[in-house]
Every structure is written in structure tokens, then in C-alpha cells.
Amino acid sequence: MAFSNSPPAWMTVSGSSTGSKSGSTDNLKDTEYGAFAEYLANVTAHFHASWNTTFDAVTPINEAANGWWKTGGSQEGCHFEPGSESKIVAALGAALKAAGVGGMVTVAGPEENSIDTSVKSLQAWSDDAIAATGIITTHTYNGVNRLGFNSFAVDHGKRLWASEYGTGSGPLQGGIQLAQRIIQDLAGMPNLQVRTRRAGVDALASRRSGQLAQPCGLGADRGILLRMRWGSVVQVL
């Protein structure tokens, strides 16, 4: 799955891809929804046509309902209210079709940090946005409404992914936390098809070293989808 943390800076209200000034207001200009959707669709089509890489899905949002994407922050991010999420998702669905990849690549979302917030966002989306979304996704850092999230996907005939979770503790504690969350997600969302771990691949040396990112001991045959930290250099295999 391809994902975007933020629209390009020139499409934003604040002029920064790190977020709006307050962090709690939409940062994509009202006039740029079509352009941003077209931008993402063109990049997706380029991967398919030029690099023989076809994504299952692309999402234009990342933990967008939260208020921590503020101008000058350390990571790219963009706040969207649920209605604005709905608008960009529907626009991206149309743009993928216009770019000739709509039959191969769907839209994913809502990609919220909390399962509960993902459910609330989906409930606020328009019919057009739901129709454009082939894969219902959430991060599972917070929230407990796994059954409600699972039910929404089943009721609407959508695939279900837990698209991000990672632990920052030491090897033992982090491993236990990760195992506990995997069990919770699989038990609470019985229709879950894909579960991904954040930062399964990252640069082992400083970015100035020029080294490619290396796998963190997961093994090539585990079938685990790896999510990149921003800034890592990755070769798509």
C-alpha cells in the first residue's frame, strides 16, 4: 500500500508539509483537492507503468483526525476533518480511474491512529467515498472497538487491514507488546486479512552514509508487509 503523510507544501494552507499552524485545522487548500488526487494517481500509475510495481491500494491520509500535525514538526503530516477525508478519498478514487489504474489499485483508509476514531471517521464519510474505498484500514495504537471496525468492513463488503502498529520499547518489552497487540487484533477483527508492523525496515546507519535500509531480522519468507519510516532509502523487490 502506498501512503501519503501530507500533500506537497505548495498545496497546503500553511505552506508546510509538517501540518497546519494549530494542528487541528485542515491543511490542504480547498482549491487543491483535485490536484492532490491527480498527483497521487499519477505517481501510482508511474510505479505501475515504469517500474512494474502495482500497489494494492493508495491512501491520501495518515492519522489525519489527530491534532499533532503542526507546522515545524519533525514529521510530515496533514490534518483532515472527517468530511474533508471523505472529499479527498472520493476525489482519489475518480483520479485513479482517470489515470487508467482504477481497476488495479483501490483507495484505502481512514488510517487513523485509533480504531475507535477510524470507525467514527468512516461513519461520517459519504457514499461516494465509501464506494471508492476497497480496503478499510486502521492503525491499532489506540482504541478498543475492533468488532465495530470489523463489522463496518463486512457490512460494506470491504477488505480489512490493520495497517500500522509498532513498539518503541526494548527488545523484550517491545516483543511482548507487539505479540499482545497482534493477538488482540486477530481475535477482535476476525475478518482481518493483513496486519503490518511499522518500521520493519529502516536505515541502520545515518542517512548520510548512503546505505540502503536493511531488514530487521524478519526473514524474506514471513509474508509480513513492511512500512517504511520517512527518509529511509528502500529498494522495491
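Visitor: Which residue stands opposite Thr137 in β4?
Guide: In this predicted model, Thr137 of β4 stands opposite Pro110. Pro110 belongs to strand β3.

Visitor: In what sense do β3 and β4 pair, and over how many bridges?
Guide: The pairing of β3 (residues 106–110) with β4 is parallel and runs over four bridges.

Visitor: What kind of peptide bond joins Gly109 and Pro110?
Guide: The bond between Gly109 and Pro110 is cis, with omega at about 10°.

Visitor: And what about Glu111, where is that?
Guide: Glu111 is in the loop between β3 and α3. Its phi is positive, about 65°, although Glu111 is not a glycine.

Visitor: Is Glu111 buried or exposed?
Guide: Glu111 counts as buried because its relative accessible area is 0%.

Visitor: Back to β4. Which strand pairs with it over five bridges?
Guide: That is β5 (residues 159–164), and the pairing with β4 is parallel. Within it, Thr138 stands opposite Ala162 of β5.

Visitor: What unit do β4, α5 and β5 make?
Guide: Together, β4, helix α5 (residues 146–155) and β5 make a β-α-β unit that is right-handed.

Visitor: How many residues of β4 are buried?
Guide: Seven of the seven residues of β4 (residues 133–139) are buried, so the strand is largely enclosed by the rest of the structure.

Visitor: Let us turn to α2. What does it pack against?
Guide: The buried residues of α2 pack against α1, β2, β3, α3, α4 and β4. Among those buried residues are Glu85, Ile88, Val89, Leu92 and Leu96.

Visitor: How many residues does α2 have, and what is its span?
Guide: Helix α2 has 17 residues and reaches 25 Å from its first C-alpha to its last, close to the 24 Å expected.

Visitor: Which residue follows α2?
Guide: Gly100 follows α2, and its phi is positive, near 85°.

Visitor: What lies 3.0 Å from a polar atom of its side chain?
Guide: The backbone oxygen of Ala64 lies 3.0 Å from a polar atom of the His79 side chain.

Visitor: Which other residues does His79 touch?
Guide: Leaving aside residues up to four places away in sequence, the residues that His79 touches include Gly23, Ser24, Thr25, Asp26, Asn27 and Trp69.

Visitor: Now the aromatics. How many pairs does the structure hold?
Guide: The structure holds six aromatic pairs. In one of them, the rings of Phe36 and Tyr39 have centres 6.4 Å apart and planes at 20°, so the pair is stacked.

Visitor: Why are Phe36 and Tyr39 about one helical turn apart?
Guide: They are three residues apart in helix α1, and therefore separated by about one helical turn. An α-helix has 3.6 residues a turn, so residues three or four places apart point the same way.

Visitor: Which residues form one aromatic cluster?
Guide: Phe47, Trp51 and Phe55 form one cluster.

Visitor: Where is Asn52, and is it buried or exposed?
Guide: Asn52 lies in the loop between α1 and β2. It counts as exposed because its relative accessibility is 70%. Asn52 is not a glycine, yet its phi is positive, about 55°.

Visitor: Finally, the whole protein. How many helices and strands are there?
Guide: The protein has six helices and nine strands. Of its 237 residues, 45% count as buried. Among contacts between residues at least 6 apart in sequence, 71% join residues at least 24 apart.

Key. Residues numbered from 1 in each chain as written. Predicted model: local features only at pLDDT ≥ 70, side-chain atom pairs only at ≥ 80, totals over all residues. Heavy atoms only, no water. Polar contact = N/O pair within 3.5 Å; in protein donor to acceptor, adjacent residues only side chain to side chain. Contact = heavy atoms within 4.5 Å. Buried < 20%, exposed > 50% of the residue type's maximum accessible area, 1.4 Å probe, protein only. Helix = DSSP H or I, 4+ residues; strand = E, 2+ residues; numbered from the N terminus. Pairing = 2+ DSSP bridges. Right-handed = clockwise from strand over helix to strand, strands pointing away. Expected span 1.5 Å × (residues − 1). Phe/Tyr/Trp six-rings, centres within 6.5 Å; stacked < 30°, edge-to-face > 60°.
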